[in-house]
Amino acid sequence: MQQVDSFKLIDQPEFRPLYVSPETSTVQFSVPDAKCAKCLGRIEGSVETLPGVQSARLDLGRKILTVRGQANTAFAPVIEVLERAGYAAEPIKTAHSEEHLRRRLRTEYLRLGVTAACAGNIMLLAISQYAGANRTEFDLGFGWISFGLFLPVLLFGAVPFWRSLRDHLRVRRLSIDAPVVAALTVGTVFSLKNLLTGSGETYFDSLSALIFLLLAARAWQDHIQRKISQSLNRISFLDVFSVRRWNTSLSTYQVIPPEKLSVGDKIILSSGERLPADARLVSPNADLNCAVWTGESEPQIMVQGQLAFAGSRLVGGQAEFLVTAVGDKSRLGELLHQLRSTRSERGQFQSLVNKVGEYFAILVLAIAAIYVLLFAWTSPLLALERALALTLLACPCALAIATPLALSRALEAAQRLGLIIKNGDSLEKLERVQNVIFDKTGTLTWGDARVIKCVPEQFSEEVHRAIYLLEKDSLHPYGVALARHFAQSLNQVGQMENFVTKADGVAGRVDGKSYQITKCLPPNGDETSPWTWIGIWQENQLMGQMALTDPIRQEARAIVRKLQQMGKAVYLLTGDRKLVADHVAQELSIPLKNVQGECKPEDKLAAVKNLTGTLMVGDGVNDTLAMAAADVSVAVRGGMEASLKTSDVYLSQTNLNGLIALLELGHQTRSTIRKNLLVSLTYNISGGTLALMGYIHPLLAAVLMPVSSFTLVILTLLSFRQNRTQPPLTKESLA
Amino acid sequence: MSVLWLMITFTLVLVTTFVAGYIWAVRHGQFDDLVTPAHRILLDDDELQTTNENQSKKGSHS
C-alpha cells in the first residue's frame, strides 16, 4: 500500500519534527490490530531489538505504541519490522494532545484517591463520635482532626465543582453543581462555627463522602466515554501524509509533508491520491472524485485550469496541479472555520438535570431567605440555623450521583448495539428530535455504483469476457462495478491489446475483435431514467446495455417507515441530481416536498437551520456543516473521516438499524433520569420541610443521605438491566 | 484512654504515608495504562526477557 510506504519517510528532515518529540525522542504509533498478550510480546520484542531504540511500550487499551529512541534513531525500521510481523503502524502527529490527556487523567486519579482517603478517615472518626465519643473529652479533638482531613477535600478534591460553578456563572447559568457547592459552602461554614463554639454538629463526614461519590460517578462516566470514543479521537480531518512537490533547483519531485506546501507550488498526484490543498489542474485533463464535496460518487472530468478542492481524489493516471490555497485559506479550512461558528451558535445544551438544579438552587435559597426574614424578629439564631440546615439537606446530591451513572449505563448499552456516542448529552437531546434528515449517497444508498440491469439479460460469453478484461484495472467507480459484476463465472483468460481510456469510457481489442464501452442513451430513449446506462460495442455494433446505479440499502425502507410511524418527519438532502433524489425518495416513500437535490454544503446547512428538533444522518464533508447545526448528528460507517469527527453519534455497523435503537435508547435514558428526578425531589422536599420544622436530627440526616443516594443508584442500574437480556437489534438483523 | 491519642497520631502518620505513596505512584505513571500490565504478565519467558532488559536500561521515566 502506498500510504504505508510513505509513512517510512518519517526520518526525512521535513517529516521528522512533525512526529518525533524533540525532548524525549519518542514517537507514538497507532497499531489498530494489537489485541492480545501475544501481540504485545511480538510487537514490543521486535521493535526493541532495533538499533537505537531504547524502549517500546504498547498500550493495549488505546492501541498506541510509544517508541523511545535517541536523537539520531531512525524510526522507519519500526514501521518495516511491524509490517513484517503483520501489523500496520501509523505514526501519530498528536503527541501533544496525548500528553495533555495523560496529565488530566493523572489529576483526576489524584483527586479521587486523596478524597477517598480523607473521606474514609473522617467517616471512621464520625462513627466513633456518633457511637458516644461526642460526650467525652475526645469530641473537640476529633472535630478538629476531621476538619484537618476535610481541608484537602475542600481545596483539592472539590475543585471541579468550584470550576463548573464559575464557568456556568460566566454564561449566567446554574447547574446541578450549584446546590452541591451551596451545600458544601454552607456545611463548611456551619460546621466550623459549631466547632469554634464547641456545640452542635459537624458535617465533614457527609460532605466529604458526597464529594467522593460525585467524583467517582463522574470519573466512571468519563472512563466509559473515553473507552468508547478513543478510537475516533485520533482521526485527522484530512488524512494526507505526504505529497510530491516540484523542486525547480533540483528539477525533480520531492516528497514533503502537506504542512510545508505553499501557494504557487506545483504538485503531482498518482491515481488514488488525495489533494492536500486547493489547486488548479495543470495537466490537460483528469478524472477527480469529488464525492467529499458533492456527495456524488461519479468522478468529474476536469480540464486544464479548472479548480479542484482539497480532499478530492484522483481516479486513474497521474495529474499535475498548481496549489492556489493552503491551510485556513483553502475551501476545507473555510469550512472548518464555518463549522466552529455553527457549533458555537448551536449553544450550550442544558441537560434536564442541570435545568432542575438551577431552579432548585434558586428555590431553596429563596425559601431559606424568606424563612430567615419571617422569624428574624422572634428567634434570629434558630431561624438562621434551620435555614442553613435546609440548604444542606435539600441538596439533590443523589440526583447528581445517579445521572452520570445512568449516562454511563446508556453509553455501554449503546456500544453493545454498535452505536458510538461521543457525548452523553446527545442521548437527552434525542427527545427533542422531530425531523430526521438523511443524506443520500453513502447514507441511504451504498455509496458505490452497482450493475442492476442488463439488456439483453444475458450477454454472450465473449462480450462478457471483453467487458471484464477491459475494466478489470479500472479505478473509475463504473469500471469497478462492471469488473465486479462480470467477474463471476468466467474463464478469465483472454488477449487484450490497444487499450485506451477515453473521456467517457474505454476501448480496446480483445481476442482480435475491437470493443468499446461508453455511456449511452437508455434503451427506448427514455430520458427520465434515474440510472446511468452504459453500452458495449463490438466492431462498432451495439451488443448490449447495462444500467448502473448506487442502490438503496435494503434496510432503508423499513427504517424510514419506522421513523414515520414514530411520528418523525423524514427529509432527504443530496448533492446528487434532482431526478435521482426524487427516484430514491419515491422508493422509500419520503414525501417529495421533503426532498432537495443538487445541494451544496451551505444549502444543507440552511435547510437544517430552518427546522427545529433535527437529527441529521450523513457521511461526507458536504454534510458536516448541516450535521454541526443539527441537534443530534449521526455518521454512517464507511463515511469520510471528517463526518466521524464532527458527528455526535457514529454507527459502527454497516447498516442503519442502529438509528432506531438510538432513538429508543434516548427515550429510555430520558425516562430513567425523569424517574430519578421524581424520587430525588420527593425526598429532598419532604426532608427540607421537616428540617425547617426542626424535626430532622442531624444523625438521621447523615443516615438518610446515603440511603437516598443508594436507592437512586440501584434504581438506575435496574432500569438499564433489561438491555442485557434483549438481543441487540442490529446483530439480529445482520445475521 | 490517652492511649487513643497515640493511636490517632499513628493513624494520621499512616494515612499521610499511604496518600504520599499513592501520589508518587500516580505521578510516575503507574495508573496511566490499566489494561496492558494484565496482559504483560502472560508473556512467555523469552519474550519477557527482552522486555525486562529494556526496562532496567530505561530506568525511571517521568
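Two strands are taken to pair if DSSP finds at least two bridges between them. In the predicted model examined here, three bridges join strand 25 (residues 632-636) of chain A to strand 26 (residues 649-651) of chain A, and the two strands run parallel. Within this pairing, Val634(A) has Val649(A) of strand 26 as its bridge partner. Both strands belong to an open sheet of seven strands in chain A, ordered 14-26-25-24-15-22-23, in which the pairing is mixed. The edges of the sheet are formed by strand 14 (419-421) and strand 23 (595-596) of chain A, each of which pairs on one side only.

Helix 19 (residues 556-565) of chain A has as its buried residues Ala556(A), Ile559(A), Val560(A) and Leu563(A). These residues lie on the same side of helix 19 of chain A, because the arc that they cover around the axis is only 95°. Their cover includes two strands of the sheet, strand 15 (435-439) and strand 22 (569-573) of chain A, together with helix 16 (440-444) and helix 24 (658-693) of chain A. Gly567(A), which follows helix 19 of chain A, has a positive phi, near 90°.

Helix 17 (residues 461-471) of chain A is largely enclosed by the rest of the structure, because eight of its eleven residues are buried. The buried residues are His464(A), Arg465(A), Ala466(A), Ile467(A), Tyr468(A), Leu469(A), Leu470(A) and Glu471(A).

The contact between the chains takes 24 residues from chain A and 26 residues from chain B. On the side of chain A that touches chain B, at least two residues each are supplied by helix 3 (37-48), strand 2 (55-59), helix 5 (95-130) and helix 6 (138-157) of chain A. Helix 5 of chain A provides the largest share of this side, eight residues. By class, the side of chain A that touches chain B comprises eleven nonpolar, eight polar and five charged residues.

Chain A has a mean pLDDT of 81, and 90% of its residues reach 70 or more. Over residues 724-735 of chain A, however, the pLDDT is below 50, and this stretch has 18 contacts in the model beyond near neighbours in sequence. Where pLDDT is low, predicted coordinates should not be read in detail.

Notes
Residues numbered from 1 in each chain as written. Chains lettered and ligands numbered in written order. Predicted model: local features only at pLDDT ≥ 70, side-chain atom pairs only at ≥ 80, totals over all residues. Buried ≥ 20, exposed ≤ 12 C-beta atoms within 10 Å, placed from the backbone. Helix = DSSP H or I, 4+ residues; strand = E, 2+ residues; numbered from the N terminus. Arc of directions from axis to C-beta. Contact = placed C-beta atoms within 7 Å. Nonpolar A, V, L, I, M, F, W, Y, C, P; charged D, E, K, R; others polar. pLDDT = per-residue confidence, 0-100.
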